[in-house]
4 protein chains.
Amino acid sequence: MAETATLLISCPDRKGILAEVTGFIARNGGNILHADQHIDFQKSIFFMRIEWDLSGFKIPKGEIEKAFRPIAQQFKMNYQLHFSSEVKRVAIFVSKYDHCLYELLYRFKAGELKGELVTVISNHRDLQPVVEMFGVPFVYSPKSRENKREAEEREIEILEREGIDLIVLARYMQILSDRFVNRFRNRIINIHHSFLPAFVGAKPYHRAYERGVKIIGATSHYVTEELDQGPIIEQDVVRVTHRDSVEDMIRKGRDLEKLVLARAVKWHLENKVLVYDNKTVIFE
Amino acid sequence: MAETATLLISCPDRKGILAEVTGFIARNGGNILHADQHIDFQKSIFFMRIEWDLSGFKIPKGEIEKAFRPIAQQFKMNYQLHFSSEVKRVAIFVSKYDHCLYELLYRFKAGELKGELVTVISNHRDLQPVVEMFGVPFVYSPKSRENKREAEEREIEILEREGIDLIVLARYMQILSDRFVNRFRNRIINIHHSFLPAFVGAKPYHRAYERGVKIIGATSHYVTEELDQGPIIEQDVVRVTHRDSVEDMIRKGRDLEKLVLARAVKWHLENKVLVYDNKTVIFE
Amino acid sequence: MAETATLLISCPDRKGILAEVTGFIARNGGNILHADQHIDFQKSIFFMRIEWDLSGFKIPKGEIEKAFRPIAQQFKMNYQLHFSSEVKRVAIFVSKYDHCLYELLYRFKAGELKGELVTVISNHRDLQPVVEMFGVPFVYSPKSRENKREAEEREIEILEREGIDLIVLARYMQILSDRFVNRFRNRIINIHHSFLPAFVGAKPYHRAYERGVKIIGATSHYVTEELDQGPIIEQDVVRVTHRDSVEDMIRKGRDLEKLVLARAVKWHLENKVLVYDNKTVIFE
Amino acid sequence: MAETATLLISCPDRKGILAEVTGFIARNGGNILHADQHIDFQKSIFFMRIEWDLSGFKIPKGEIEKAFRPIAQQFKMNYQLHFSSEVKRVAIFVSKYDHCLYELLYRFKAGELKGELVTVISNHRDLQPVVEMFGVPFVYSPKSRENKREAEEREIEILEREGIDLIVLARYMQILSDRFVNRFRNRIINIHHSFLPAFVGAKPYHRAYERGVKIIGATSHYVTEELDQGPIIEQDVVRVTHRDSVEDMIRKGRDLEKLVLARAVKWHLENKVLVYDNKTVIFE
């Protein structure tokens, strides 16, 4: 497949944006493959994802951004320019639950997730054999109340040294510091085992059981400073009945968690997610 | 179809309950049509719904309860005995939204809901023509902060005079007093336009939009003194995306609300719901 | 709300289409509200739906088509131009089943379906009272093997005299002649009570029961000369178990049928459906 | 957890079956944990799954069947007696697709599937490393048109030598001979990548794409002599749109296939499936 460029844009809504952006691509000989736009009429914000074939594009790859900048400035755009040849570098954080980890390891190996799984970091040694079985480097980073800050410092150091673009919390049972979160704003994806905003925090399946709900869910979201309050990327649900014990809910929930997390990671890696106003636009 | 009897039972779990109950029916020549049991192992409670054909049953209808009582006492059962010839009497409360009302009017008319729709009570006159178009008596019961207590008294009087078994709040925009709720314990079904326990209270679709959820829901539950905290009977959900405005969510939600409410009413009318511990067992 | 114009376009995929169309709108002062495009890469066909605000648009409504024509010719476009002020005229055909009819009558009345329900035509008198209760003219058009051709002729005459844009078969239990279908190509929407292409033809719920499926469905599609083979607009499904009798499936299916049909009609009336190659593109 | 016994019963429907079976367990001091019954009223067949705690049960495990036999004969029962201590022995057949295989390998390893995964047999060597990575013996059994019969003979020999109870075809791209199927009647579970009975046979995703369906599915079923016509155990579906290419459908379908197959295998291993009349009763 030929290389493609993708622009992700958000800006105040105004006449002519779409014509300007598509005109820029057309004038320079680009063939548009996907174009998806959305307007938040309440807040008057324009969003766009546009992907075009670079073969035959008159502007060399390295100069596209510069060429586009005047348009961006004219419309006060926030924008990102990505190329299909880029490979995002990914780190997974995990504790002891292995179902999300396996799912991601399998999907990276199978090539379904576009990106390089650089490392798996855990506060326990339990899943080291699994990670190494898939040929991925494992980092043991134990955490106690006392060493938490230092441990995080070390982790940040590793993540930066390795040039990590995306951090996936695959049922990681530790809360990250504001400092950590801030460092990787909109680049940390978590899976929460409830249908947010229901059952924020600990033991959601137990609380779902107590409440007697008839459907349970899972939610993947970007991590922010507030627990389970970040922008939601994807959710899914499954039916339960009075026959389902807490253990049944946990089991059924695992199948949700791993799929919901995998979808969120996939979309992020394909540059299909735009964050604004603590929400997401998904250009699926 | 021949007449049937249905027993709904809950009691402390113990050996021999099922044998005793089914033995009672078999000894007396009853043919069991449906038997469904459930044990809450955490709390050690036994639940059962058993329905049998009365043709050829040796005990006359009017004496079944007496004959069954010793078994009930032996096992400390809470139980209800229902007959398929019973017709439950239903009142609907409604304000101005008409989608749930239409759905129920249609289903009663079509015979899908087993029961007699005796009256529709509303604090507005808007839906009177609709109700009367379906040939159902309409009661206008206006409510203001000042007259609320009196209005409720009058409503209770009507409900009791008419021998109402079930009250359905079909998007009724008024909060019932504790006194009212208490009088019709486990006999008032409400539809809440969110996936409880998310978005308890007012304007759930607006808050769902604000939060950026990817799925919205509706919940039918028995009304208790605490707002939106009663035992959940049924829930359902539908996907939304960033493209859905609040208005879109309201529109999509309407289709959920009417179906979820209709299912809950149907199960209640068919004696398929047991309430315990602020939860429901649904013998569907 | 201000008036809008909508272009529905399909043409061979080529560089520059999007830039040309959006440029046309921008140059003339139009504010784009929605733009959705799709490329079938297998067949190299470009599809687009674009809607813009006419307030401030420099070309008068009546001349837009003429002004756009050169672009359409340049790119060999099939296109439709619609205005939000247009009201499509709708006829419903029905036999004896009333659930889809009620649903549509309610939605037209509630203003959820954009269009005017001009008439309901039936080969039975059973639903006349329902239709008239909603204030819609009812036409009784009995059909027997002998009079079928004449009856259809009369129906076509009525439909043409009334300027009907869309015909909805709301569980209409008659097969239309090729002549009829051809006259209203892509303007007749049917609801089939199965998950097509499973169970084409008669008694799909009975056959679903016989086959022991665990999920049943409903499908709305445009009618073509071949039975149940037309372009699918929408489908939905619901779970069943071994406990569900044929009657239970029919009952559960009704809820699917009416929602699936209502969605298809809504999209058609909002000019969100493009047909090509016996498939649909839904610009939802 | 204490050991339990499970009876799976089917027989002509008659008065007194439930009382007799539960009486047998109660008289002998058994504590019933789960009891689920179903009557096919159309064919007048009674089905039951009943599980009870063996601690304190007066009849020794080895003599239960003999003790129960008179009841079975009286009611002309087909029945199976299982003990929770039994471990079913499982073989997986696989070709080159690995997603179902991984899912099953993971679930057996995680203990979610009750049974012993004894061997994986494949007509290709591709997945040998994966299988061995999970510590499961791999058998390479190449198949050509010429050697097919011999290859199958060898496979049957292995399966019988190993005492295999259940064979799972995890996207195995070979058709089994009638002889093979007959040898393991109701003990071979296949996953078909469509919503049966739609798209029986080869390339269902391609055909779903061609037909323009809006939902795709997967079906797990017992293998019979007729291709894709065996008793359906489980099905599930996912939405697709005009935007989904065949490749997208294949990708989305993989997630269905692995979950649907895993559920079917789980239920079979927990003795929750009864087959009759080319259908299944699932005592979930």
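Contact is taken here as heavy atoms within 4.5 Å. The model is predicted: local features need pLDDT of at least 70, side-chain atom pairs count only at pLDDT 80 or more, and totals for chains, interfaces and linings use all residues. Residues are numbered from 1 along each chain as its sequence is written, chains are lettered from A and ligands numbered from 1 in the order in which they are written, and side-chain values use heavy atoms, with hydrogens and water left out.

Chain A is described by its domains. Domain 1 spans 4-83 and domain 2 spans 89-282; such bounds come from an automatic or database domain assignment. The centres of domain 1 and domain 2 of chain A, taken over C-alpha atoms, lie 31 Å apart. Twelve residues of domain 1 of chain A touch eight residues of domain 2 of chain A. The two domains of chain A bury about 830 Å² between them. Buried area is the accessible area (1.4 Å probe) that two parts lose on being put together, summed over both. Carbon and sulfur atoms give 58% of the area between these domains. On the side of domain 1 of chain A, the most area is lost by L8(A), F47(A) and R49(A). Together these residues account for 48% of what that side buries.

One salt bridge is counted between domain 1 and domain 2 of chain A. A salt bridge requires a side-chain nitrogen of Lys or Arg within 4 Å of a carboxyl oxygen of Asp or Glu. K43(A) and D277(A) meet in a salt bridge through their side chains, at 2.6 Å from N to O. Five residue pairs are in polar contact across the interface of domain 1 and domain 2 of chain A, both residues being at pLDDT 80 or more. A polar contact is a pair of N or O atoms within 3.5 Å; within protein, one must be able to donate a hydrogen and the other to accept it, and residues adjacent in sequence count only if both atoms are side-chain atoms. Four strands of chain A, β1 (4-12), β2 (31-40), β3 (45-53) and β4 (78-83), each give two or more residues to the domain 1 side. Helices (H or I, at least four residues) and strands (E, at least two) are DSSP runs, numbered from the N terminus. β3(A) gives the most to the domain 1 side, with four residues. By class, that side has five nonpolar, four polar and three charged residues. Ala, Val, Leu, Ile, Met, Phe, Trp, Tyr, Cys and Pro count as nonpolar, Asp, Glu, Lys and Arg as charged, and the others, Gly among them, as polar.

The interface of chain D with chain C comes next. Chain D and chain C each contribute 35 residues to the contact. About 3,100 Å² is buried between chain D and chain C, with 48% from carbon and sulfur atoms. In chain D, R211(D), K214(D) and H242(D) lose the most area to chain C, together 22% of what that side buries. Six salt bridges are counted between chain D and chain C. D36(D) pairs with R243(C) in a salt bridge, with the closest N and O atoms 2.4 Å apart. Residue pairs in polar contact between chain D and chain C number 26, both residues at pLDDT 80 or more. On the chain D side, β2 (31-40), α7 (204-211), β11 (232-239) and β13 (279-282) each supply at least two residues. β11(D) gives the most to this side, with seven residues. The classes on the chain D side are 13 nonpolar, ten polar and twelve charged residues.

Chain D also meets chain B. A rotation of 180° with 0.0 Å of shift along its axis superposes chain D on chain B, with an RMSD of 0.0 Å. This is the relation of a two-fold axis. Copies are superposed by least squares on the C-alpha atoms of residues with pLDDT of at least 70 in both. A19(D) comes closest to the rotation axis of the residues of chain D, at 2.8 Å (C-alpha). The same surface serves both copies, as 100% of the contact residues of chain D recur in chain B.

Chain D and chain B each place 18 residues in the contact. The area buried between chain D and chain B is about 1,500 Å², and carbon and sulfur atoms give 59% of this area. Zero salt bridges are counted between chain D and chain B.
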